[in-house]
Amino acid sequence: MPSTVIVGAQWGDEGKGKIVDLLAQQSDVVCRFQGGANAGHTIVVDGETFKIRLIPSGIVSGKVCVIGAGVVVDPEVFLAEIDELGARGLDTDEVYLSGNAHLVMPWHVAIDQASERRLGKLQIGTTRRGIGPAYADKASRIGIRVQDVLDPKILRQKIEVALAEKNLWLERVYEVEPFDLTEIAERYEAYAQRLRPFVADTSLLVHRALEQGKHVLFEGAQATLLDLDHGTYPFVTSSNPVASTAATGIGIGPNRLDSILGVAKAYVTRVGEGPLPSEIPSPLQERICELGAEFGTVTGRKRRCGWLDLVGLRYATRLNGFTSFALTKLDVLSHFDEIPVCVRYLLPDGTETDEFPAHQSDFHHCRAVLETLPGWSEPLDGVERFEDLPPAASDYVAFVERELGIEVTLIGTGAGREQVLTRGAALERV
Ligand code: GDP
Ligand code: IMO
Ligand code: MG
């Protein structure tokens, strides 16, 4: 199968980066197609940890890396990442950036921060990286794109036009400091010089790679339940992290996407605000958080933890059309006699459903109906084959497969690249 989309099936941080890194070993090109530096993907190879926000995870294994038109790029973060990875000995010569991708500008970050502050208790809990305001300007057709940096005159003009409006908002509505045109223009002209060599026609590049039978991975950021259209709005991100976006975000036909791998933790986490029906009560939640090291890569915030939510996963399976599944962090559950799993939601009218509620009032007030599965106490980090898992652990995986009707082909047993159990043709697929 020449192309595989890898997307998060929950609320993010499922371990997508680690799975992409593993599959990248047998691939040629790795693409990001949505989101921006709100993503934080951690990859651990031979004890060395890489935390990546914008550049596709394929960079760790020297693959061709593509940032498509659907991504919003903060040039400061991008260039800092290029410098950092380069300094650590990685080859960054084959990183390509779509000219159609939009830039996250300093006022996007300032507006994200100010608007969250202003929302107070109603805040979304964004990563405050300017993602929402950058996508909003893109949709309003007043954004600044990567290709604008190729012409200094156009760049300065666009910054001037944008700042004339944004400074009014910042000063009068949000009552924060405005930006100085000369300072911003000079800073971005300098970035422009550095960005220039990375700019490419990435739609054509990926098309040609696929035509040549190369193996291409599409690396999702964020996750299905944070999708702007299908997620738990308004507590979502401002892009569409579902699998079909890989086609639009890169600029290829949807029929070029061969397999769709969903990534889910063996439990669930959420950063930021919004309901989490299967949230684990204290102090057990704090224990899981500690065992799973559940602290955000980008913001360092504690991630809220819940039991595996099969209602959410069933919905994610429908929205993405998963052809297989990766279940990560199974090792974190090694310490429990019993493991509850959310199989249905109890709705406010007293009925139960195994389908994700279509309306927010149902979702916001539903309660998790839990079924308890037997746990296991053996650590999993030394297990090398699926067949060697403790019976209760393989039963846990089989339960998920039965409920979702999809094969779990990859199982995470630790943070390291090699700590994945593979089943069937998981790795031959890419
Ligand atoms: P992503 O945003 O989906 O790429 O996920 P993150 O990297 O933000 O969060 C996943 C965290 O879990 C990272 O710290 C990974 O190193 C770690 N991780 C990934 N898979 C496993 C696993 O199977 N077991 C354990 N214990 N940690 C894992
Ligand atoms: P990865 O790729 C987890 C969450 C934020 C917030 C909401 C909106 O590492 O899985 P935004 O800054 O996007 O406007 O914030 O989305 N969020 C993530 N949560 N992992 C992520 O990325 C996330 N990216 C955004 O916490 O609730
Ligand atoms: Mg993450």
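Trainee: Where does Pro234 sit?
Mentor: Pro234 is in the loop between strand E10 (216–219) and helix H8 (245–250); helices (H or I, at least four residues) and strands (E, at least two) are DSSP runs, numbered from the N terminus. This is a predicted model, where local features need pLDDT of at least 70, side-chain atom pairs need 80 or more, and totals for chains, interfaces and linings use all residues. Residues are numbered from 1 along each chain as written, chains are lettered from A and ligands numbered from 1 in written order, and side-chain values use heavy atoms, leaving out hydrogens and water.

Trainee: OK, what's the peptide bond from Tyr233 to Pro234 like, cis or trans?
Mentor: Cis, with omega near 5°. The bond from Ser282 to Pro283 is also cis, omega near 0°, and Pro283 lies in the loop between strand E12 (268–270) and helix H9 (284–291).

Trainee: What about phi for Glu175?
Mentor: Positive, about 55°, although Glu175 isn't a glycine. Most residues other than glycine have a negative phi. Glu175 is in the loop between helix H5 (152–173) and H6, and is exposed at 66% relative accessible area (buried is under 20%, exposed over 50%, partly exposed in between; 1.4 Å probe, protein chains only).

Trainee: How many residues apart are Asp13 and Gly40?
Mentor: 27, with Asp13 in the loop between strand E1 (3–8) and helix H1 (16–24), and Gly40 in the one between strands E2 (29–32) and E3 (41–45). Asp13 is partly exposed at 23%, while Gly40 is buried at 13%. Asp13 has a positive phi too, near 60°.
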